[in-house]
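Please look through the model below before reading on. The paragraphs that follow go from the chain as a whole to its charged side chains.

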Amino acid sequence: MTQQVKHFIDGEFVAPTGDKLIAVTNPATQDVIAQVACATTAEMERAIESAKAAFLTWKEVPVSERARLMMRFAHLLKEHQGEIADIICRELGKTVEDAKGDVWRGIEVVEQAANIPSLMMGETVENVARSIDTYSYIQPLGVCAGITPFNFPAMIPLWMFPMAIACGNTFILKPSEQDPMTVNKIAELFVQAGAPKGVLQVVHGAKEQVDAILHHPDIKAISFVGSVNVGQYIYKTGTDNLKRVQAFAGAKNHMVIMPDANKQQVVNALVGASVGAAGQRCMAISVAVFVGAAADWIPEVAAAISKVRPGVYTDPDAAYGPQISPQARARVLSLIEQGKKEGATCVLDGSGVKVDGYPNGNWVGPTVFSNVTTDMEIYKQEIFGPVLTTMHVASLDEALKVVNDSPYGNGTAIFTASGAAARKYQHQVEVGQVGINIPIPVPLPFFSFTGWKGSFYGDQHAYGKQAVRFYTETKTITARWFDDDIPVSGPNMSINLR
């Protein structure tokens, strides 16, 4: 009998009553491994009512006690990291090491949530006027909600609910219907850590359940990670209903390669950053901008990427797994064909790749294009597959123009030996997260994850120009300078990057 994915409502896992079923399939075989039922209106209402009731007592729990809950939770996640990773491998197809990394990066956020007392401190000024003092307090909002994507089923939910709950809120989580079992295991561990009844709810479903979250008056804030169109919809609908919304949307991340860069480091970095995790991550490097003579390295980059092969998670030599669904694979293959038709040079074509013993898998092999221009669809669209597009420009100024003209601003990187070039790039580039000799500059949880432009829709957009508040964007820089004595790793060593 096919496993039925349960909802987690009011402190217990409950069998779903809805009749709208979604199959959860193994993307390497298409075998149905579970069925998830979309939450009914009654189930959604019960979850929100439970969270609302729990908030009244949870917000009064001392902040140090909330921090200790997160300490226990982090400990359990570490103990069960391998078990959670195995679930991720089965329902998403990630390699074992990539799946373990997915869990670990979530654990890092829970560890930060355990530091919540110092983050909850307010401010005070004595004698703002004669004999008048002013104090400010940081207080929880109430019931918050998270809507998460398929590609990091442990990390992204753990970005959201531990911090919100540590601050004294309660939380409704609607994970991706494509890999819902990972979140259920995490919720089980949260209960074991001592989470009170009603503090966390997990409801499964699709658009109808998202709309219930967006419109419900008792939900005060929403966090989302996913595609551009859905992110815009969630942001607009949520703010129209006067909710606080942060929506992390699409990306088209560029890596600029200067001719003075360490060539082998560039090659190694591009292998993992472009095709790692099957390209299914919002921080993947999908555009490499070679400056000047660095363009001569493109054949070597393609040769290194050609050595990478997809496979099932039980294969220790597989560099990455399948696309999440046949539809996702078809979209990637369509864009590869579109790139050929538009005149880009397909240096490495992975569209016909096969994996022995798994003829039904959603496989796409590593693919590299050169001579790409900004008017091509393979440049304009987020492919979300193991496809690297390369461009050639004459100067750093031209590279900056390419990056800054992009509608997205999630992450970028520059590889160079020049401090002046690095300083200019990090200062002038209009992207929220910048790596210097780091291909994927995802910061640790004590820094901001800071997408700009069309990669992020947040509270700043809701207030308009006449808002009585100041807003400045944050830019996070992650830098590493290489010495010639540092050993160079092989191309497959870089696959499981952030």
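K52 counts as partly exposed because its relative accessibility is 39%, where buried means under 20% relative accessible area, exposed over 50% and partly exposed in between, with a 1.4 Å probe and protein chains only. K52 forms a salt bridge with D218, the closest N and O atoms being 3.4 Å apart; a salt bridge here is a side-chain nitrogen of Lys or Arg within 4 Å of a carboxyl oxygen of Asp or Glu. The two partners come from distant parts of the chain, K52 from helix α1 (residues 41-58) and D218 from the loop between α8 (207-215) and β11 (219-225), 166 residues apart. D218, at 16% relative accessibility, counts as buried.

This is a predicted model, in which local features need pLDDT of at least 70 and side-chain atom pairs count only at pLDDT 80 or more, whereas totals for chains, interfaces and linings use all residues. Residues are numbered from 1 along each chain as its sequence is written, and side-chain values use heavy atoms, with hydrogens and water left out.

As for the overall fold, the chain has 16 helices and 23 strands, which are DSSP runs (helices H or I, at least four residues; strands E, at least two) numbered from the N terminus. Its C-alpha trace spans about 70 × 65 × 40 Å along the principal axes. The radius of gyration of 23 Å agrees with the value near 23 Å that a compact globule of 498 residues would have, the radius being taken over C-alpha atoms and the globule rule being 2.2 Å times the number of residues to the power 0.38. Of the 498 residues, 56% are buried, and among contacts with a separation of 6 or more, 74% join residues 24 or more positions apart, contact meaning heavy atoms within 4.5 Å.

Returning to the charged side chains, the structure holds 20 salt bridges. One of them joins K185 to E188, with the closest N and O atoms 3.0 Å apart, and both residues lie in helix α7 (residues 181-192), three residues apart, about one turn of the helix. K185 counts as buried because its relative accessibility is 10%, while E188, with a relative accessible area of 31%, is partly exposed.

A further salt bridge brings together the side chains of K424 and D397 (2.5 Å, N to O), and this pair again links distant parts of the chain, with K424 in helix α15 (residues 419-428) and D397 in helix α14 (residues 396-405), 27 residues apart. Finally, D10, E12, R46 and K197 are linked in a network of salt bridges.
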